[in-house]
Amino acid sequence: MPKVLVVFLVLVGIAIIITIALFFLWPAKPDTKVDQSASTQSTTEDVPITLYRSENGGEGWVPVPAARGLDILAFEWRAGHQNQFYIGTRGQGLFRSDDGGKTLTQVKDPKNVLRPDSSVYAIAQSSDGTELILAVFQEGFGRLIRLREIGAQELYHVPLENYGLFGVVVDQKDSRHIVAVSGEGNVLETVDGGQTWEVIAHTKDGIVKLLASSGTRGRLWGIGEQNTFFRSTTYGRLWNAISDISLDEKGSVGKLYDVREHTARRALLAGSDYGVIESHDNGETWDGFITPVPPSTRAVEAVEGHPRFSEIFWWAAGNEVFRTEDGGITWRMSTLPVAGKIILLRSEENNPKILYAGLSR
């Protein structure tokens, strides 16, 4: 073979080897346009906003952008401070707003007693709003945490792993008196601010929602995990458990979702699989309303009463909010501008035109 041809073939081989090496080793230029658009879509459009605000009593709704991505479990107005509130979340800790939701700030605890990844199921507070008592689940245990400006302190934790604390109330006449309910059915009480605790009752159906009357000291209501309705007039030492709520000839309730006290109406409102129902005798008997939604067709998971006017209250089914101004004779409906399921409604006491709706994720 001629030397010229050999040299030519060798050069061709070297060129092929260099080309292959450059193909595998040379850094490729990224397609920033595709990457950026995908990132923007996943962090904004795909993450829902779970809190909406109305400034006209529920006629119209605007999103609270700061609540994007929050899985809301609890909502509590800050006592004595208009337009300020706390939000408890699932796995995202506690948030606070001082400006009606324009901004939400995660509450940080320097000592990490309250963890940023905790699930906050219930929020109670002293009458002056200077301290919070939180029912949280973190690091595998249900815990009660006191939160003050100076920091957090654990008051109690459930001895059994994977059992939560789902409700807590603070005596508005004596903030050292606290009652809480745990997942295994225990009702806990402290009268010395959390230094010592006593199991004062045990319910077969563990209470997962707990509510205290704002007008009658010692009166509590609860919803059990197996749908039992509980009521107590002794701060939880004795309970009356009602497993079957009958509505006379209208039918019965299979599942309760929400219970709220309508102080101006002197009644209890409840959301159920039947619809919105009401009791004027502390939950002993109940009655339903005639609404635009036929009974037992859509679950009502959130109710709220106007703090000043007895004839005004709200209830929600899906992403729709219904309002009455005449005690349930006529209704008006508004729809949130997002698909979802409303799990709580909260009206501001000092400005009842302000209403918040929280959705589940």
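Okay, let me start inside the protein: sorted by class, the residues around the largest cavity come out as 8 nonpolar, 3 polar and 1 charged. Keep in mind that this is a predicted model. That cavity has a volume of about 80 Å³. If you want to find it on the screen, look for Tyr274, Gly275, Val276, Phe289, Thr291, Val293, Pro294, Pro295, Ser296, Arg298, Val300 and Trp315, which make up its lining.

Two of those names come back elsewhere. Phe289 and Trp315 belong to one aromatic cluster together with Phe313, Phe322 and Trp331.

How many cavities of 30 Å³ or more does the structure hold? There are 3.

Now to the pockets. The second largest pocket holds about 260 Å³ of space. Its lining runs to 17 residues, and nearest the centre are Arg96, Val107, Leu147, Arg148 and Glu149. At least two lining residues come from each of β9 (141-148) and β10 (151-157).

Across the whole structure a search turns up 15 aromatic pairs. Take phenylalanine 75 and tryptophan 77: their ring centres sit 5.2 Å apart with the planes at 75 degrees, so we call the pair edge-to-face. Are these two buried or exposed? Phenylalanine 75 is at 5% relative accessibility, so it counts as buried, and tryptophan 77, at 18%, counts as buried too.

Another pair is tyrosine 156 with tryptophan 197, and this one is tilted, at 5.6 Å centre to centre and 50 degrees between the planes. It links distant parts of the chain, with tyrosine 156 in strand β10 and tryptophan 197 in the loop between β13 (186-190) and β14 (198-202), 41 residues apart. Tyrosine 156 is buried at 16% relative accessibility, whereas tryptophan 197 is partly exposed at 21%.

Last thing, confidence. The mean pLDDT is 88, and 88% of the residues get to 70 or more. Where does pLDDT stay under 50? One stretch is residues 3-12, with 2 contacts beyond four places in sequence. Residues 14-42 are also below 50, and that stretch has 4 contacts beyond near neighbours in sequence.

Technical notes: Residues are numbered from 1 along each chain as its sequence is written. This is a predicted model: local features need pLDDT of at least 70, side-chain atom pairs count only at pLDDT 80 or more; totals for chains, interfaces and linings use all residues. Side-chain values use heavy atoms; hydrogens and water are left out. pLDDT is the predictor's confidence in each residue, from 0 to 100. Contact means heavy atoms within 4.5 Å. On a 1 Å grid over the protein atoms alone, a cavity is a set of points where a 1.4 Å probe fits but cannot get out, and a pocket is an open set with protein on both sides within 12 Å along at least five of seven lines; lining residues have an atom within 4 Å of a point. Grid points are joined across faces, edges and corners, and a volume is the space filled by probe spheres set on the points. Ala, Val, Leu, Ile, Met, Phe, Trp, Tyr, Cys and Pro count as nonpolar, Asp, Glu, Lys and Arg as charged, and the others, Gly among them, as polar. Helices (H or I, at least four residues) and strands (E, at least two) are DSSP runs, numbered from the N terminus. Rings of Phe, Tyr and Trp (its six-membered ring) pair if their centres lie within 6.5 Å; planes under 30 degrees apart count as stacked, over 60 as edge-to-face and the rest as tilted. Buried means under 20% relative accessible area, exposed over 50%, partly exposed in between (1.4 Å probe, protein chains only).
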